[in-house]
Amino acid sequence: MPEKICIVDDNMINRRLLTGILRNEAYELVEARDGQEAIDVISKELPDLVLLDVMMPKKDGFQVCEELQRNDRTARIPVIFISARTRVEDKIKGLNAGGADYVIKPFDAGEVLARVKTQLNIARLTKELLKANEELTRRQRRMDEDLAVAARIQQSLLPQLSPDMENTAIAWRFMPCESIGGDIFNVLRLDETHWAAYMLDVSGHGLPSALVTVSVSQMLHPATGILLKKTRTSCPGYAVRRPAEVLDLLDQEYPMERFDKYFTVTYLIMNVKEGIIQYSNAAHPPPILLRRDGTLELLEEGGCVIGLGGVLPFQEGSKKIGQGDKLLIYTDGILEYEDKQGQFYGQNRLHDTLLQLRGRSIKGIVDGVIEAVMDFGDHHPPRDDVTLLGIGFNGEFN
Amino acid sequence: MEIDQEAINHVEVLYLKGRLDAVSAKQLKEKVASLGQEKGPKLVIDMAGVDFIDSSGLGALISSLRTVSKLGGDIKISGLQHQARSIFELTRLDRVFRIYDDSMAAAKSF
Amino acid sequence: MDPRGVTFVIDSDMKNVPLVGMSVNRLCRAASFSTLDAFHIELCVVEAVTNSIRHCYGGKTGHEVTVICTLTHREIVLDICDVGPGISPGVLDGAVIQNSPGDVADIEGIPEGGRGLSIIKKIMDSVDYRSEKGKNRLTLRKRLPEKKKGTG
């Protein structure tokens with residue numbers, strides 16, 4: 001649609017001159033011969049720009065401009081004054097009345113055209129900016145709503161999340177793709193030396209998957225005795241069950257036939273005195289150990305998904321952690337978040353982002369990763385649950 | 001501006017994110033003031049997430065340092081991006097604050 | 001190259017300052033300034049506009065600050081205009097960065113504010129100030145980086 005310009009001048013020759021200058025530029029032109037007609041024409045036509053003479057019968061240009069400013073529909077239309085008055089006071093008066101620019105008669109065709117283009121450009125950019133802002137606000141609101149829902153679910157599913165591990169900072173983001181998710185995670189205190197953390201991702205979405213996640217998270221509660229086993233032979237009368245054993249138990253409890261679901265899980269035990277992590281990884285994306293010096297190590301040992309009935313034994317790995325190291329556990333919703341071309345966010349981008357965010361707080365890193373992931377896909381809603389848990393080891397180890 | 005807080009070796013670390021300017025200066029001063037009247041507070045202000053700082057932001061850091069040093073404590077700065085670092089150097093405030101590469105190094109320096 | 005320009009008019013609200021700052025930063029980078037130079041020029045505009053809102057308008061919203069950016073073939077010129085009480089004579093000339101004491105024990109002696117103008121003077125090539133009948137204009141100039149031989 002061509003941009004519309006309204007030319008207001010009581011002098012027919014001036015109108016003709018201005019029309020002549022603008023005619024070749026594919027603008028739609030409308031005219032008015034005095035102040036009152038200008039108000040009528042502008043309110044009706046809502047042009048993109050007004051060229052306004054100052055000295056006119058009935059209403060002068062300043063009055064017209066002020067009147068346009070008072071009306072919400074016309075207040076944003078830029079006005080360029082065209083006047084023979086050359087005193088600085090007049091210019092100021094024009095700009096104070098709400099004019100965007102001022103051209104002095106006799107005018108130069110090139111100058112008029114340049115100023116018209118500039119003002120139209122500014123108006124267009126302003127409009128785009130307003131639109132972009134609206135879109136941004138809308139998206140923000142939607143994300144806030146999503147997060148509010150996620151937070152509520154999170155609260156009901158994760159009553160035991162314990163952020164008070166000494167000298168350790170924990171942060172997480174959980175964005176279910178539907179109102180309820182198939183991902184779940186927790187950080188649990190086993191005894192004064194040992195903490196456990198796990199994250200699992202049940203196949204599929206929606207209520208059936210969520211039911212399995214709830215069931216598993218209940219099973220992994222310290223009170224069920226799965227994570228700690230009784231011993232008769234040694235003090236203190238219990239032992240921490242090794243990660244591979246825990247995964248074996250899950251594999252027995254959740255055969256694929258039973259629920260028509262399988263899941264990936266990472267289970268790890270942190271010895272918070274000595275700074276040692278033991279883990280096993282059932283086909284879950286490998287957690288990333290971000291060392292303080294910027295090296296990245298993956299926690300890859302493990303086996304296949306839970307639910308296949310022990311086809312392969314689960315392998316265990318262990319890592320010595322140091323002060324300032326950070327551990328990131330996540331689901332494949334992060335890696336497989338797509339951009340418009342259907343490209344995955346992927347492991348490499350995740351690693352690059354982590355290196356850029358190195359040195360931030362654990363919350364800064366977790367929020368920063370989610371921001372980078374969402375930016376990559378233009379903030380479209382994720383197709384899979386997106387879950388990220390970060391643990392920052394701030395204490396010194398023996 | 002966002003401010004996260006973590007403890008490293010009983011040193012409080014404030015991680016700042018965003019612009020430290022006339023709008024957010026007050027927020028930082030209030031945050032530091034809210035940390036309590038404990039004796040000899042040890043504080044690290046980490047600026048790895050700060051992509052812009054102006055003289056109002058520098059003023060807030062100086063005011064915070066004053067608050068903390070009245071109680072016998074100190075503030076160390078960490079994680080400065082090179083643009084922010086250039087402003088510290090330009091205003092010679094790199095001589096007033098001790099500056100470290102990362103929050104861990106700053107916290108351990110106490 | 002003809003001078004090219006863009007004008008920003010903002011309400012005297014500190015929340016609007018980053019908007020002008022970031023726009024000027026992008027303009028500078030488009031005009032071949034380095035990332036660091038662009039950041040420094042953004043800083044100067046932020047300082048100038050903040051000064052204007054704080055001192056000319058007493059920190060109150062509802063007034064206008066105009067920033068006119070003009071790009072010529074050799075420099076960028078930034079005019080920051082406001083209407084009201086201007087900078088007192090001598091303040092601009094007196095604005096220099098003091099040697100801060102290296103000793104943190106002297107923290108009481110380090111001023112908290114008033115660094116804006118001295119930062120501007122240190123970064124920009126020239127700083128001029130004109131005030132006439134309550135209309136004030138601070139003009140900042142910075143030369144474009146030299147083009148490499150053979151490409152200019």
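1. Pro106(A) sits in the loop of chain A that runs between strand E5 (101-104) and helix H5 (109-157), where helices (H or I, at least four residues) and strands (E, at least two) are DSSP runs numbered from the N terminus. The peptide bond that leads from Lys105(A) into Pro106(A) is cis, with omega near 0°.

2. This is a predicted model, in which local features need pLDDT of at least 70 and side-chain atom pairs count only at pLDDT 80 or more, while totals for chains, interfaces and linings use all residues. Residues are numbered from 1 along each chain as its sequence is written, chains are lettered from A and ligands numbered from 1 in the order in which they are written, and side-chain values use heavy atoms, with hydrogens and water left out.

3. A further backbone feature of chain A is found at Leu46(A), a residue other than glycine whose phi is positive, near 45°. Leu46(A) belongs to the loop between helix H2 (35-45) and strand E3 (49-53) of chain A.

4. Chain B and chain A each give 17 residues to their contact, contact meaning heavy atoms within 4.5 Å. The area buried between these chains is about 1400 Å², and carbon and sulfur atoms give 39% of it; buried area is the accessible area (1.4 Å probe) that two parts lose on being put together, summed over both. On the side of chain B, the residues that lose the most area to chain A are Asp4(B), Glu6(B) and Met104(B), together 36% of what that side buries.

5. Across the interface of chain B and chain A the rule finds three salt bridges, each being a side-chain nitrogen of Lys or Arg within 4 Å of a carboxyl oxygen of Asp or Glu. One of them joins the side chains of Lys17(B) and Glu371(A), at 3.1 Å from N to O.

6. The elements that give two or more residues to the side of chain B touching chain A are strands E1 (2-8), E2 (11-20) and E3 (42-53) and helix H4 (103-108) of chain B, and E1(B) gives the most, with five residues.

7. The contact of chain C with chain B takes 31 residues from each chain, and the area buried there is about 2700 Å², of which 61% comes from carbon and sulfur atoms. Here the rule finds one salt bridge, in which the closest N and O atoms of Glu42(C) and Arg19(B) are 2.9 Å apart. Across this interface of chain C and chain B, four residue pairs are in polar contact (both at pLDDT 80 or more). Helices H1 (17-30), H2 (35-56) and H4 (116-123) of chain C are the elements that give two or more residues to the side touching chain B, with the largest share, 10 residues, coming from H2(C).

8. H2(C) also gives the largest share, eight residues, of the lining of the second largest pocket. Of the 34 residues that line this pocket, Glu47(C), Asn51(C), Ser52(C), His55(C) and Leu117(C) lie nearest its centre.

Methods. Polar contact = N/O pair within 3.5 Å; in protein donor to acceptor, adjacent residues only side chain to side chain. 1 Å grid on protein atoms, 1.4 Å probe; cavity = no way out; pocket = protein on both sides within 12 Å on 5 of 7 lines; lining within 4 Å.
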